[in-house]
Structure formats: structure tokens, C-alpha cells
Amino acid sequence: MESRLEAKIITVSDSVVNGQREDGSGDALEGYLVANDWNVIERSAVADGVEVVANELRRMAEGFHGLVVTTGGTGFGPRDDTPEATRIVIDREAPGLAEAMRLVNPLGRLSRAVAGAYSTALILNTPGSCNGCVETLAAVIDVLEHAVKLLVDNSHPHPTD
């Protein structure tokens, strides 16, 4: 029996870090990932800002073979810097994943989310809303196992459908 793939979640939100609101989107992502056979092994919350988000992405992804999902900081707010931080960290962008995630909802057109690989970790940005983060992740969940496995071993068989 094959073991479940591992995931980590980073919530990017000043208000969560400051204790002004609960981490609903982090909870929603964890519930969705677990329901789809991913093992969530770590979660964190960081304030908005390029440097702090980039540092947390590196910490979470360094030496990790799995999925790192961020929630929050992908919009037009003055402190929404998650895509900029992600671009600093990733080695290769995966624009097809980000594009597919944007297509699930008309509000997706406002998303600046990025997807890409850092060594053997796949990083995806999702919006900070509870519905939006799950909805965008659901748009690509069917290809994530294959994508993550390819980061280590390019011999993983390609899907047939």
C-alpha cells in the first residue's frame, strides 16, 4: 500500500497572527486535504509581507517532498505580497496550475496567485477566504499527486486519461 503524500499549510494574515480572527481558511484547507488522502504534517501562520512569507516558504519547503499551500495575500490589498514572496522562492513556475485555479470562479480573475516548484516541494497560493481556498485547490487536486511525485522521480507513470 502506498503511503499518503504530505502537505504543509501556511496562513498569511496579519489578523490571524494578531489574534483578531480565527484561521478558518487554514482549517478549511486542512480538512479538504485530509479528505483527499493528504497527510497535513505542519501548519503555520505568518504576517503579510514579502520577506516574512518568503522566509516561511523556504523553511517549510527546504528538504521537504510534498505540497506547501498558502492561504491569503493573493489579492490587491496593499500588504497582499504572497505571490511576490513565492516568486522569490520557487525555482520553476507552474503557470498551468495557477491558471486552472483562477478559472473556478469569476472572482478568480482578481487572483494574483502563483504556483511553482522549490526543489522537491510544490508550492501553491490560494485566496484567504474559506470557500475560495478550497475551491481553487479542488480545481487542481486531481493532478497534484502526479506533480509532486515527478519532483523526485521523473519515472512516475503519466496518467492515462
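In this predicted model, begin by selecting helix 5 (95–102), strand 6 (121–126) and helix 6 (130–138), each of which supplies at least two residues to the lining of the largest pocket. Helix 6 gives the largest share of that lining, namely four residues. If you colour the lining by class, eight residues are nonpolar, 11 are polar and two are charged.

Next, switch to a cartoon view and follow the open sheet, in which six strands are arranged in the order 2-1-3-6-5-4 with mixed pairing. Which strands stand at the edges? They are strand 2 (39–46) and strand 4 (92–93), and each has a single partner strand, so one side of each is left without a neighbour in the sheet. Further in, select strand 1 (residues 6–12) together with strand 3 (residues 66–71), a pair that runs in the parallel sense over five bridges; within this pairing, Ile-10 has Thr-70 of strand 3 as its bridge partner.

Because Asp-23 lies in the loop between helix 1 (14–17) and helix 2 (24–35) while Arg-43 belongs to strand 2, the pair ties together parts that are 20 residues apart in sequence. The count of salt bridges comes to 10.

For the last stop, select Lys-8 and Phe-64: the charged end of Lys-8 sits over the ring of Phe-64, 4.3 Å from the centre of that ring. As for aromatic pairs, a search of the whole structure finds zero.

Conventions. Residues numbered from 1 in each chain as written. Predicted model: local features only at pLDDT ≥ 70, side-chain atom pairs only at ≥ 80, totals over all residues. Heavy atoms only, no water. Nonpolar A, V, L, I, M, F, W, Y, C, P; charged D, E, K, R; others polar. Phe/Tyr/Trp six-rings, centres within 6.5 Å; stacked < 30°, edge-to-face > 60°. Lys NZ or Arg CZ within 6 Å of the ring centre and 35° of its normal. Pairing = 2+ DSSP bridges. Salt bridge = Lys/Arg side-chain N within 4 Å of Asp/Glu carboxyl O.
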